[in-house]
Amino acid sequence: MIEFREVTYVHESGVKALNNVTTKIGDGETVAIVGENGAGKTTLIRHVTGLLKPTEGEVLVDGVDTRQSSTATLSRKIGVAFQNPDHQLFSESVKEEMAFALRNFGFSPKLVEQRVSWGLKLFGLEEYSELSPLILSGGEKKRLTLACILAWDPEVVMLDEPTVGQDAIQKEKLAGTIRMLASTGKTVVVVSHDIEFLWPLQPRVIVMKSGGIVADGPAPDLMMKKEMLESSRVAEPQLVSLYRELSKRPSAPFVDALDARLWIEADQ
Amino acid sequence: MMWLSSGFIFRRGSSRYHRLDPRVKLLISALMFVTTLIVRSVFQLAIVLVFMVAVAGIAMVLKRVAKTMLLTTTFSVFIFLVNLFFTKNIETSALYASRFIAIVVSTSIFFITTSPDELERVMKMFRLPRDVVFAFVTAVRFIPVMMLDALQIMDAQKSRGLELEKGNLLRRVRNMIPILIPLVVNAVVRSGELAEAMESRAYGAVPRPTSLVEYKASVIDRVVATGAVALFAFAAYSFYFLLPTFMP
């Protein structure tokens, strides 16, 4: 359980990045955090692993205040895949890159080997295992960072803009991985602008604006609130837009019979 | 790290000092720099430092200059100890140590009140080679970017279980490898991308490109520059002919 209690964070420059945020993320939930650039999404998830400490309020992970624990300790429970993969890749080979965190967490050599081959297979990186991670393409690097996180099997997986640089097939695979994680009881938090990617996952959605939470609820409910989405500069899913447009035409016989929820269920 | 280094990085300000012609700001900093070299006692240097603090106050960058001073104090303590070891003279050692602080503060005031664009134009006015100017200004402009990169890399590696604050010296140095490699790789990649972007925007197409802004010194600029030169002349005269006689 991750709990934010009246969290305010003020940057050194004086900019208030989070403003009195209170929310809970329960075990096994799939949560999407959306909002315009600078809304405070990344700042919020950086608080969970103690990379940032709240100026006011507190962040609790399983009841423990993040101020009382080091980032390395919290990271054993919470894996964060950051936005820019170039900020973490440094090893001689893809295999070594994946093993880095596992060794830091004290996994046995045998377990390291097992987890590395599992991760490489899951993300289709086996053929690159002996290559330098620095020569991979942007999308491959992104997949590698995700594999690195999942390798140590954290209870919570946080993904910051995971679809950037991914082609349609890889996005599909990523969505499948998120569903798989959710089905195994993991808590998954995805920060993304890619509404079309988030929509089929049907997550609980937290909409942020100017450092605060403006809406929080299931995707089908929130994504129908056009005004709220527009004021938060969040794009409406195409499916909802289509439904809205067709609803304006009373002659369309099938629209009356369906609402967005049914469409979603059909989609799944 | 960011907190200390902010004493050298430009941030937009609205003070009268910020609005001065960059050439005047360069002149003031250069004169303060030279003054720190011609002082002959700690007492004289203290007067120069008080003047620098006053300039920082006018420019409304007192806090940031204080950070610069704090950073340099650790180095100046080292300078003091080394000098004391070799010269066995406290006054000389204290003079060298405090001179180091004053030199850094004089340059810091210039850099934190002058934007990279202004810096570029000033360097071009001195007819320095265009490539040299571009390389220098780009380096200045990328300092904060690289610092931000370093912080983000540290965050990413800490999130993978890397303990940067634990272990003996050797272990801590080894733990810096996962920070330094991505930092250097990113810098190299970025410089390549920047070169391509500049070339695609016709960098180097003509030997002497035109400039968007042509500086013309205002009356205030001229008055400040004249005042700075006069004050420097008075200070130099005082340090050599007046103040030493008042020293105990």
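The model as a whole scores ipTM 0.79 and pTM 0.75. Chain B averages a pLDDT of 86. Of its residues, 95% score at least 70. Helix α3 of chain B, residues 22-38, has the highest mean, at 92. Helix α1 of chain B, residues 2-5, has the lowest, at a mean of 56. Where pLDDT is low, predicted coordinates should not be read in detail.

Chain A contains both kinds of secondary structure, with 12 helices and 10 strands. The C-alpha trace of chain A spans about 65 × 45 × 30 Å along its principal axes. Chain A has 268 residues, and a compact globule with that number would have a radius of gyration near 18 Å. The value for chain A is 20 Å, which agrees.

Chain B is built from helices, with 11 of them and zero strands.

Within chain B, one helix pair was examined. Helix α7(B), residues 116-125, packs with α8(B) at an angle of about 160 degrees. The two axes lie 10 Å apart. Angles over 145 degrees count as roughly antiparallel. Helices α7(B) and α8(B) are therefore roughly antiparallel to each other. Their crossing is right-handed. On the α7(B) side, the contact is made by B:P116, B:L119, B:E120, B:M123 and B:K124. On the α8(B) side, the residues are B:V133, B:F136, B:V137, B:V140 and B:R141. By class, this contact of α7(B) with α8(B) has seven nonpolar and three charged residues, and no polar ones.

Helix α8 of chain B also takes part in the meeting of the two chains. Here, 18 residues of chain B are in contact with 20 residues of chain A. On the chain B side, the elements that give two or more residues are α8 (130-158) and α10 (177-200). By class, the side of chain B that touches chain A has nine nonpolar, five polar and four charged residues.

Note on methods. Residues numbered from 1 in each chain as written. Chains lettered and ligands numbered in written order. Predicted model: local features only at pLDDT ≥ 70, side-chain atom pairs only at ≥ 80, totals over all residues. Contact = placed C-beta atoms within 7 Å. Helix = DSSP H or I, 4+ residues; strand = E, 2+ residues; numbered from the N terminus. Nonpolar A, V, L, I, M, F, W, Y, C, P; charged D, E, K, R; others polar. pLDDT = per-residue confidence, 0-100. Axes fitted to C-alpha atoms, helices over the stretch in contact; angles between N-to-C directions. Parallel < 35°, antiparallel > 145°, perpendicular 65-115°, else oblique. Left-handed = near helix turned anticlockwise from the far one by under 90°. Rg over C-alpha atoms; globule rule 2.2 N^0.38 Å.
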